[in-house]
2 protein chains.
Amino acid sequence: VNERLAQQLRFIVEIDALKEVVRRTYVASGRRLENSAEHSWHLAMMAMVLAEHADQPVDVARVVTMLLVHDIVEVDAGDTYVYDASAGGDKAERERAAAERLFGLLPPDQGESLRTAWEEFEAADSREARFAAALDRLQPVLLNVLTLGRSWREHGITAERVLARNSTIAAGSAALWEAARGMIEQSVRDGQLAPGPDDR
Amino acid sequence: VNERLAQQLRFIVEIDALKEVVRRTYVASGRRLENSAEHSWHLAMMAMVLAEHADQPVDVARVVTMLLVHDIVEVDAGDTYVYDASAGGDKAERERAAAERLFGLLPPDQGESLRTAWEEFEAADSREARFAAALDRLQPVLLNVLTLGRSWREHGITAERVLARNSTIAAGSAALWEAARGMIEQSVRDGQLAPGPDDR
């Protein structure tokens, strides 16, 4: 095995750990929490199926690449709950160090290329990145609705916060934001999601 | 939500069940068995990183699409162990019915497109499909080696069978087959994989 292939295999082995990074959302059956590797697969499938709902035409392959890569830093940095404001402080720092180490395992040209995809996702500046981010928000809303709001309730999350946090879906897709908002409002009506204090 | 988006969301919800289809291979830490959704993510990452080792140039995006989709039929048909000869009989039939139902949830144009990707993978006739199949074989070899041959031993699999079953890696990539064969032979030398009766 030449050195280049050895580096690539090392990276592939190292990222296997993403299968053991546990998120706060339950899989649709409610039987267990989701992990970041299967979450990434689910998002990539969503990109292929929902691309037509992006507000601006997107390069689907680029969206898929970003979504496959977007959580890899969690192998070192762990998953940060989207509603956890306190984790904000050193999250960026920890994830930068993780990107350095993990993408640094690869031959430089490839490490640079995957790191660029991760940075594009994080910056949310391109239309592909905004659409990818929209899917990354829509998917847990979908799973929360399917599991009758369980994860939201366990963490004391209100509709007010869910709507505020996920309104960024609208930056990638008006149609998907309309669908997400409809689901969130239905969850409130069904008593599965508490309205925020401001809504009472 | 219009009817087309409703169909797409229905499909996305339905394939969530792939996260609960358990394979025979352990994740690299050895803590639990791998599921088919995270396996698909891992393969898609491998395609992006290892594409240069395909014997013939491949369209990486096409390989990724096939790998993301290749196990979806298992939502209905279950995972068939690669060394399970007895399952061969009705496997094709069960998977065809699963493809019919699952891809049939989507709007016809999209269902047709994903089904075509799955069929291309199954036929293993294009260079992209042969490379995708090579990765699908290489990945469990890698995980078996990392977990010191545990899954092989638990199922009484010998090196003879591992070499025979995985030699199809060579149809997609001589370099990856050389690497895989080296790992398999090392596992035999390390006493983690029994040689076949013919090797004794």
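## Contact between the chains

Contact means heavy atoms within 4.5 Å. On that basis, chain A contributes 50 residues and chain B contributes 50 residues to the contact. The model is a predicted one, in which local features need pLDDT of at least 70 and side-chain atom pairs count only at pLDDT 80 or more, while totals for chains, interfaces and linings use all residues. Residues are numbered from 1 along each chain as its sequence is written, chains are lettered from A and ligands numbered from 1 in the order in which they are written, and side-chain values use heavy atoms, with hydrogens and water left out.

Buried area is the accessible area (1.4 Å probe) that two parts lose on being put together, summed over both. Between chain A and chain B this area is about 4100 Å², with 71% of it from carbon and sulfur atoms. On the side of chain A, the residues that lose the most area to chain B are A:Ile12, A:Lys19 and A:Trp41, which together account for 18% of what that side buries.

## Polar pairs and composition

A salt bridge is a side-chain nitrogen of Lys or Arg within 4 Å of a carboxyl oxygen of Asp or Glu. Six salt bridges are counted between chain A and chain B. One of them joins A:Arg4 to B:Glu52, with 2.5 Å between the closest N and O atoms. A polar contact is a pair of N or O atoms within 3.5 Å; within protein, one must be able to donate a hydrogen and the other to accept it, and residues adjacent in sequence count only if both atoms are side-chain atoms. Between chain A and chain B, 30 residue pairs are in polar contact, with both residues at pLDDT 80 or more.

Helices (H or I, at least four residues) and strands (E, at least two) are DSSP runs, numbered from the N terminus. The elements of chain A that give two or more residues to the side touching chain B are helix H1 (3-14), strand E2 (33-35), helix H2 (36-50), helix H3 (60-69), helix H6 (108-123), helix H7 (127-146) and helix H10 (174-189). H2(A) gives the most to that side, with 11 residues. By class, the side of chain A that touches chain B holds 32 nonpolar, nine polar and nine charged residues. In this grouping, Ala, Val, Leu, Ile, Met, Phe, Trp, Tyr, Cys and Pro count as nonpolar, Asp, Glu, Lys and Arg as charged, and the others, Gly among them, as polar.

## Symmetry

Two copies of a chain are related by a rotation about an axis and a shift along it.

## Helix H7

Buried means under 20% relative accessible area, exposed over 50%, and partly exposed in between (1.4 Å probe, protein chains only). B:Gln139 lies in helix H7 of chain B and is buried, because its relative accessible area is 0%. The side chain of B:Gln139 makes a polar contact with that of B:Glu34 at 2.7 Å. Beyond neighbours within four places in sequence, the contacts of B:Gln139 include A:Lys19 of the other chain, as well as B:Arg23, B:His39 and B:Met46.

B:Asn144 is also placed in helix H7 (residues 127-146) of chain B, and with a relative accessible area of 4% B:Asn144 is buried. The side chain of B:Asn144 reaches the backbone nitrogen of B:Trp152 at 3.2 Å. Not counting residues up to four places away in sequence, B:Asn144 touches B:Gly149, B:Arg150, B:Ser151 and B:Trp152. In helix H7 of chain A, A:Leu138 is buried at 1% relative accessibility. A:Leu138 touches A:Met46, A:Leu50, A:Ile169, A:Leu176, A:Ala180 and A:Met183, residues up to four places away in sequence being left out.

## Loops of chain B

B:Ala124, in the loop between helix H6 (108-123) and H7 of chain B, has a positive phi of about 50° although it is not a glycine. B:Ala124 is partly exposed, at 30% relative accessibility. B:Leu148 lies in the loop between H7 and helix H8 (150-154) of chain B and has a positive phi of about 55°, again without being a glycine. At 48% relative accessibility, B:Leu148 is partly exposed.

B:Gly156 is in the loop between H8 and helix H9 (159-166) of chain B and is exposed, with a relative accessible area of 51%.
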